[in-house]
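Here is a short report on the fold shown below. It covers packing, a sheet with its helices, and charged pairs.

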Amino acid sequence: MSGPARIAGGAEATLRFTFDGVKYRARAGDTLAAALLANGVGLVARSFKYHRPRGILAAGVEEPNALVTVGEGGRTEPNTRATDLYVYDGLVARSQNRWPNLTFDVGAVNGLAARFLTAGFYYKTFFGPPSRWMVYERFIRRAAGLGAAPSEIDPDRYEHRAAFCDVLVVGGGAAGIVAARDAVAAGERVLLVEQDRKIAGPVEGAHILTRTTASGIWDHGFVTLAERPVEPGEPPAPGTPVQRIWHVRAKRIVLATGAIERPLTFAGNDRPGVMLSQAVRTYIARHAVLPGQRVVIATNNDDAYATAAAVAAAGGDVVAILDSRATAPAARFPVFTDAVPFSTTGRKHHLASVAARIGGTIRHFDADVLAMSGGFTPVVHLHSQAGGKLDWREDVQAFVPGASRQAVTSVGAAAGDVAPIAPMPADLPDPKHSFIDFQNDVTAADVDLAWQEGYRSVEHLKRYTTLGMATDQGKTSNMAALARLAGAAGVTIPQAGLTTFRAPFTPLTLGAMAGADGGGHAAPSRRLALYTQHQRLAPLWQPLGYWHRPRAYPVKDETLHQAAMREARAVRTAAGIVDVSTLAKFSVTGPDAAAFLEIVCATGVAKLAVGRGRYTFMLREDGMVMDDGTVWRIEEQRYLLTSSTGGADRMESHLSYARAVLAPHLKVSVVAQQEHLAGIALAGPLAREILTDLTGLEMPAHMGITHGAIAGLPVLILAASYSGERAFEIYATGHAAGPVWDALEDSTRKHGGCPYGLEALEFLRIEKGHIVIGAEADGRTTPHDLQLERMVRKNGGFIGASGLHRMALSAENRVQLIGLTSETPIPEGAMLIAAEGAPVQGHVTSATGRVIGAGAVALGLLAGGRARIGETLLAASPTRGRSARVLVTTPVFYDTEGTRYRD
């Protein structure tokens, strides 16, 4: 009998699972890798690029080959390591990156084209005509990735927790247990974490987290841990999160993270049946699985001899030990010195024989498993992330922890307590089939080619070949690659360099990183003070920053556009009300309030009379328009500043910076009132009449202020227009604003008007030529670009004033705000070009059909736009297949004299 098998004795296999639809059984405590081996399954995956058959290489998180998709529906989790997944009853696992099935994979034809798919082949596809890349792109995108992302909603819960301890011990092996016990004995609070299910022994008095990986170390003893209370794809118990991220602060950290065994590099080293020596030993000792009956062991160190003893004790035949050293320990097995594996052969995707170079001769051994050990690489990832230095140890041919900038100590194998090794011969007769990175199919020949093409830096080599960029992040491949690169350069490995160890140590799911911040908790969702009033009108809600605002109020079977046009026409002909509560609002008070606002606003403020307001805008320090709004002088030393909804948080930070850094000497207070005040805008030719009827007061002129009462509640009334019609903003305390809306809505409807939403508001402001932050003011435009330069305060002294004097900002070819008209709909976002195929000269920022009348209007940004009034251009949107012939005009299409919003 050949192939893997369960060692006789032990518990009965009672857990049921499937792999690629075939039913199997496993013992409690089996990993999926162990269970597959026990059931005689050697082929478990296909490699990324060449789709070569791959078996199980390792027994831990370093596994590069055996990646599977587990779970069903929303619990589907791709790229799960079979070596780090414990079987549970009902587990469903599927192989990846193959079609139509694992045994017969059409993608394996890529191996025939290997000469064209060498290192950096995808970069080279960019050479030549762009049309050629458009062909390549389809195939490259289709081939990208391994497992498929789930398409259904994840039904499970994730969470984040925080913890504090005196000592965090990472790793539950022998060294970690000793460190934890010593810390407990010293009276310290100890947290011990282990990524496996078991630890090496009891630790009384310590808090222990199993199935928990230290994913990263950050500054000041801050560590992130990833805990898996249930296995991937497994339905959790009610109330149990499937994954949990811990944020831990520790006074000191002990790293007992062990070491990773390295593969050997030779032709056919990726064939199923070629495994790491310690992995073979683990499957025997822990899972009672003998991976093969005839085993060849290849090594450059003493540790592999323990594997030979374990194989023999389990009933296997140790065919040969190939020891690359000149002398070897005494053993009861056939030992060959100065011997290295040369190549492998197989049949039906399983190992059949091993060819070895012994001295100067080649000898063949029949075997179904080759257990290899190329030495050990201490796991220094976390030490390096903590800012620790790395030292080179020649005897183990590896980097080991050096001095640390934080209170981080490495112990055991992680500190370099591993078996010394002998360097392996560098000459490879067949480098094209000698794999270094198993998952990404990077061969020794690829490393050589990268060197020949000028990639000298190890970081460049990594990106050019994709070596170490797979899900295992080069855990088994980096040292072999460094040795190959150093050999090509004729330098030592330390001189060749080392890539950066970045978090996370093992892959994290997006769900774990998000924690509870998923679904409706992804971001705070604020409900309008007038939500109840809107909801009874069944609006179409639109997300806008933290808020959801009514986009339109359809009646019967109206579409969004029909409803918005009806609402906009009501504003033009009668009146309409809209909720503007989400505008950013700041109360600025104090003796120096005016002086402070003159620092923040680019327009004049100090001369504003009490009871008056004006339009204003704020600049970044580089002179670009950051936000706009209005400023009102309520009292001698009290102002109200408003700005855009989307920029509320940014403006609050901006004002805080100006107050604390630029003007700490001023006697002024700035208080955000976005949610304190609810705002309702009433606009239309009948707006003044409606407010007079409700308040009994004469309404102020445009940009004037008055105080009154509506529905018995005190209100602040500001005469300001965003629609081009006579308009007022009515502010009331947020929690009491409902009756104010009800009274305004009732009176407005009696006068032939109605509530209107954001869509109608957009139509109205475009016709009037008002800019909006994010569209016309897109972070690249100055006041001059937006035709606002006449409002800029000439004496400067405001944030951004110096930036406006840069020569580049007065260039004639800068994009400038213009208007566009057309007889046909203008596609929003369209490019502005002279003709098909001509260079892009600008773009359409906002577009709408005329509210009253035919045709379409739009605002846009056009290079040298002011001087191009009267030109005809093409507004083209290739992605939507739409275009329109447009006429460049001034950016005001309605009431150009400004008479309708004034008395």
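Start with Phe17. Beyond its neighbours within four places in sequence, Phe17 touches Val22, Lys23, Tyr24, Arg25, Ala26, Leu32, Ala35, Leu36, Asn39, Val87 and Leu91. The model is predicted.

**Cores**

Phe17 also belongs to the largest nonpolar core, a set of 72 residues. Those with the most contacts inside this core are Phe17, Phe19, Leu32, Tyr283, Leu322 and Phe365. Helix α1 (residues 32–38) is the biggest contributor, giving 7 residues. A second core is separate and has 25 residues, including Phe586, Val600, Tyr639 and Ala648.

**The open sheet**

Five strands make an open sheet, ordered β16-β24-β18-β19-β20, with parallel pairing. β16 (274–276) and β20 (335–337) are the edge strands. Each has a single partner, so one side of each lacks a neighbour in the sheet. From one strand to the next, the twist averages 20 degrees.

Strand β19 (residues 317–323) is joined to β20 by 3 bridges. Asp323 sits opposite Thr337 of β20.

Two helices pack here. Helix α5 (residues 277–287) lies across β16 and β24 (369–373), at about 85 degrees to β16. Helix α6 (residues 304–313) touches β18 (294–299), β19, β20 and β24. The direction of α6 makes about 170 degrees with that of β19.

**A covered helix**

Helix α8 (residues 444–452) is mostly covered, with 8 of its 9 residues buried. Among them are Asp446, Asp448 and Trp451. The cover includes α2 (121–124), β29 (435–437), β30 (442–443), α9 (458–465) and α10 (478–489). Just after α8, Gly454 has a positive phi of about 100 degrees.

**Salt bridges**

Side chains of opposite charge can pair when their charged atoms come close. The model has 51 salt bridges.

| Pair | N to O distance |
|---|---|
| Asp270 and Arg54 | 2.8 Å |
| Arg393 and Asp395 | 2.8 Å |
| Glu636 and Arg633 | 3.2 Å |

What does the pair of Asp270 and Arg54 tie together? Asp270 lies in the loop between β15 (259–261) and β16, and Arg54 in strand β5 (residues 53–54), so the pair links parts 216 residues apart in sequence. Asp270 is buried, at 2% relative accessibility. Arg54 is buried too, at 1%.

Arg393 is partly exposed at 26% relative accessibility, and Asp395 is partly exposed at 34%. Glu636 is exposed at 52%, whereas Arg633 is buried at 10%.

Salt bridges also form a network, which links Arg81, Asp84, Arg211, Arg228 and Glu231.

Notes
Residues are numbered from 1 along each chain as its sequence is written. This is a predicted model: local features need pLDDT of at least 70, side-chain atom pairs count only at pLDDT 80 or more; totals for chains, interfaces and linings use all residues. Side-chain values use heavy atoms; hydrogens and water are left out. Buried means under 20% relative accessible area, exposed over 50%, partly exposed in between (1.4 Å probe, protein chains only). Helices (H or I, at least four residues) and strands (E, at least two) are DSSP runs, numbered from the N terminus. Contact means heavy atoms within 4.5 Å. A nonpolar core is a set of buried Ala, Val, Leu, Ile, Met, Phe, Trp, Tyr and Cys residues joined through side-chain atoms within 4.5 Å. Two strands pair if DSSP finds at least two bridges between them. Axes are lines fitted to C-alpha atoms, for helices over the stretch in contact, and angles run from 0 to 180 degrees between N-to-C directions. A salt bridge is a side-chain nitrogen of Lys or Arg within 4 Å of a carboxyl oxygen of Asp or Glu.
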